[in-house]
Amino acid sequence: MNDVASHSEFERLLAAVEKISIEVAAAHAAEVDTQARFPHETLAALRAAKILSAPIPREFGGGGCTLTQLTALCSTLAQACGSSAMVLAMHYIQVACIARHAQDSAFFRGYLAELASRQYILASMTSEVGTFGETRASICAIERSGDRFILNKDATTGSYCEYADGILVTCRRAADAAGSDQVLVLVRKDDYKLTRTTSWDTLGMRGTCSPGFQLEATGPAEQIVPGSFADSSAQTMVPYSHILWSSLWWGIAADAVARAAEFVRAGARKNPGAVPPVATRLAEVSTQLQAMRHNWLALATEFDATRGMQELLSIGWALKLNNLKIAASDTAPQIVHRALQIVGILGYKNDTPFSLGRHYRDSLSAALMIANDRIAAKNASMLLVFKNQ
Ligand SMILES: Cc1cc2nc3c(=O)[nH]c(=O)nc-3n(C[C@H](O)[C@H](O)[C@H](O)COP(=O)(O)OP(=O)(O)OC[C@H]3O[C@@H](n4cnc5c(N)ncnc54)[C@H](O)[C@@H]3O)c2cc1C
């Protein structure tokens, strides 16, 4: 198939991300975190290497990457800078929504080609003041007038919106539509105004630059993604989010374990012939890290093997994806915590090669990013009617 990345194209993208991770993202990660600033250098390097179009089919000039291949890119970058990886993952989720749900539209086919050639970055606005973290409900509604729309939204959290070329926004289909009758709308940089409503001085993921915003946008009606958000959410936004996020949370945890391993090896070199007692803790945490990796990798592989989109609407898929999100977001900070117990004070300090503060704080966002309690409550009601695990 010509719309799937050839092995050599994927290898090129992965090699480029590995190089950018080491030479650019890792070099700026501490400063991005301390100053809570956008990782401009990393994004510029990703653009230059055409990494931003990895999910776009090759016929539109993109990389044609599968979801499994995208997890490799995000998890690699996360080992250098969690915020950069989260920005890349969120961008991929938006691009995938367009690539998988809007290819029947001439406008969106042209937009995909333009995004691939200009390496646009897309942000997301699903959150809204008054919907309390429920992505499948909106208060704001699109207003149509002839072949144009007006869309205003008061979002609680909008990652890197100030640096994006466009934002995918959820809203009600019309002023008289129910809260759950939503559509996704692409708004473009020249057609919107953002007014910051809150700050972004957080524990972690500081480089995602995600304050609240009031959005005032307009545009041609062809920028409304065809179909309903109910479908694009279940078939693309949720699977891409939960799988890509899990892979990058793993990347953060993997770098923490790598630092702990380096610390243990350095200790072992000082006392040749003896295995340091703390090496047992390293063996234990590496078991947990491997299990975490295999969880997202298995689901990404299963997702790529699905035939058609219909089965992704099933309760079985919703449960699997929710279980992955809850498990990965619970496990990542546990792994970082265990790495910190291995390293001790040199991990607790912010200025050593073994520092783990940023990893710890970044990983704590995982359980909040769509609250685990909210997801568990949905699973609980689905399990009342679903029998086949
Ligand atoms: C790093 C980061 C980046 C983000 N980027 C974006 C972005 O770019 N765009 C965007 O739109 N949003 C973004 N978000 C916001 C995210 O999508 C969620 O909307 C937000 O994290 C949820 O906020 P909340 O905790 O107030 O939500 P809520 O879900 O309302 O949770 C509030 C509290 O209620 C509890 N709770 C909720 N439901 C239940 C339940 N059923 N049973 C028991 N307890 C429950 C939760 O556990 C929590 O303690 C980002 C969040 C983070 C952390």
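Predicted model: local features only at pLDDT ≥ 70, side-chain atom pairs only at ≥ 80, totals over all residues.

Residues are numbered from 1 along each chain as its sequence is written, and side-chain values use heavy atoms, with hydrogens and water left out.

**Stop 1: the three-stranded sheet**

Select strands E1, E4 and E5, which form an open sheet in the order E1-E4-E5 with mixed pairing. Strands here are DSSP runs (E, at least two residues), as helices are (H or I, at least four residues), numbered from the N terminus; two strands pair if DSSP finds at least two bridges between them. Strand E1 (122-125) and strand E5 (182-188) are the edges, each pairing on one side only. On average, neighbouring strands of this sheet are turned by 25 degrees against each other, direction ignored. Axes are lines fitted to C-alpha atoms, for helices over the stretch in contact, and angles run from 0 to 180 degrees between N-to-C directions.

Next, display E4 (residues 166-172) beside E5: seven bridges join them in the antiparallel sense. Within this pair, Thr170 stands opposite Leu184 in E5.

Helix H6 (residues 229-270) lies across E4 and E5, running at about 75 degrees to E5.

**Stop 2: the four-stranded sheet**

Select E2, E3, E7 and E6, an open sheet in the order E2-E3-E7-E6 with antiparallel pairing. Its edge strands are E2 (143-145) and E6, each of which pairs on one side only. The twist averages 10 degrees from one strand to the next.

Walk across this sheet from E2. Three bridges link E2 and E3, and the partner of Arg144 in E3 is Phe149. E3 (residues 148-155) pairs with E7 (residues 213-220) over eight bridges, with Leu151 opposite Ala217 in E7. Five bridges then join E6 (residues 192-196) to E7; here Tyr192 stands opposite Ala217.

**Stop 3: a helix pair**

Select H3 (residues 67-78) and H7 (residues 278-304), whose axes come within 8 Å and cross at roughly 145 degrees. The H3 side of the contact consists of Leu67, Thr68, Thr71 and Ser75, and the H7 side of Trp296, Leu297, Ala300, Thr301, Phe303 and Asp304.

**Stop 4: the ligand**

Which residues come nearest to the ligand? Of the 18 residues around the ligand, these are Thr126, Ser127, Phe132, Ser159 and Arg374; a residue is near if one of its heavy atoms lies within 4 Å. E1 and helix H11 (372-383) each supply at least two residues of this shell, and H11 provides the largest share, three residues.

Finally, display the polar contacts, here pairs of N or O atoms within 3.5 Å. An oxygen atom of the ligand is 2.7 Å from a polar backbone atom of Ser127. A nitrogen atom of the ligand lies 3.1 Å from a backbone N or O atom of Thr157. In the side chain of Asp373, an N or O atom is 3.0 Å from an oxygen atom of the ligand.

Methods. Contact = heavy atoms within 4.5 Å. Polar contact = N/O pair within 3.5 Å; in protein donor to acceptor, adjacent residues only side chain to side chain.
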